[in-house]
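The structure comes first, then the details.

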Amino acid sequence: LEAVLGVHALLVCTPAGSAHRDRGAIRLVSMSGIWNSGLEYGKGQFRFYNGFDKWMEPFPDEDRETYPEMFRLPKGVYETKLTPPLGIAFIEREGGGVMVEYLVEGGAAERQGIIAPEDRLIAVTAVKVIGAKWERRLIPCVKWTFEMVVGAIGSNEKRWGCDNVILQFARPNDGADDAEIASYLEFFEPPSDSPWRSQ
C-alpha cells in the first residue's frame, strides 16, 4: 500500500450506507450517453476524465439552464489534481469512505497547499481496462474501503495516459451538505449495465 500512496494509513471498520438519488441527475445521464458498453466501451469524448469543467463542456446550454446544480461543485466540495505519490495518509471513516488523516511532510499534497486533514474523499479517478480498451472515470467513493481507494488511485498509470490522479474532497468546515453531495455524485455513478459495475 505504501508503494502506491507513498504513505501509511490507519484502518477503522465502517458500515455501508445508502445514497440519495436525484431525478434530474439521472435524466441528464440518460440523455448524455456518457456511459459506454459493448463495442462502444473506451470510445467517445467521455472516455477520459480530466477535470470537472472540461467534463461538462460538451453539454448544451439547455442542460445548463435545466440542471444548473449539475454544472457546479456542491458547496464545500473542491477538486484537485496530484502527481503520485500523493503524500496523503487516509483513514477510514466510521460512516464509510475515507478522510485525510494527515499530509506527508514535503509530499505532493502538502506542497500544493489545498488538501487539509479531515477533508473527506468523495470521488477519485480510476481506470478500468477491458481487453484492449480502457476508460478513466471519476467514480464516487463515499462508501469505499481504504483498499478500494488505494486500488483506484493506483490504476491512474502513465501507460493509460494518466499523469495525475484527480480527487474531489468535501471540507466539513466549509458547509458541505451530505444530501447535496449525494445528489451531485449520482451523476457520476455507473448505471447497472455498465462494465464499471463488473469486477
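## Salt bridges and aromatic contacts

Glu135 is buried, with a relative accessible area of 0%; buried means under 20% relative accessible area, exposed over 50% and partly exposed in between, with a 1.4 Å probe and protein chains only. The model is a predicted one, in which local features need pLDDT of at least 70 and side-chain atom pairs count only at pLDDT 80 or more, while totals for chains, interfaces and linings use all residues. Residues are numbered from 1 along each chain as its sequence is written, and side-chain values use heavy atoms, with hydrogens and water left out.

On pLDDT (the predictor's confidence in each residue, from 0 to 100), the protein has a mean of 85, and 83% of its residues reach 70 or more. Over residues 1–23, pLDDT stays under 50; the model has 53 contacts beyond four places in sequence for this stretch, a contact being heavy atoms within 4.5 Å.

Six salt bridges are found in the whole structure, each a side-chain nitrogen of Lys or Arg within 4 Å of a carboxyl oxygen of Asp or Glu. Three of them are listed among these rows.

| Asp119 | Arg171 | 2.7 Å |

Asp119, in the loop between helix H5 (108–112) and strand E4 (120–130), is 52 residues from Arg171, in the loop between strand E6 (165–170) and helix H7 (178–186); helices (H or I, at least four residues) and strands (E, at least two) are DSSP runs numbered from the N terminus. Asp119 is buried at 2%, and Arg137 is buried at 1%. Glu189 is partly exposed at 26%, as is Arg197 at 46%.

Arg137 also lies over the face of Trp35, 4.4 Å from the ring centre. This term requires NZ of Lys or CZ of Arg within 6 Å of the ring centre and within 35 degrees of the ring normal. Arg47 lies over the face of Trp134, at 4.2 Å from the ring centre.

The whole structure holds 13 aromatic pairs: rings of Phe, Tyr and Trp (its six-membered ring) with centres within 6.5 Å, stacked if the planes are under 30 degrees apart, edge-to-face if over 60 and tilted otherwise. Phe46 and Trp55 pair edge-to-face, at 5.0 Å centre to centre and 65 degrees between the planes; both are buried. Phe48 and Trp134 are also edge-to-face, at 6.1 Å and 85 degrees. Phe48 is partly exposed at 24%, whereas Trp134 is buried at 16%.
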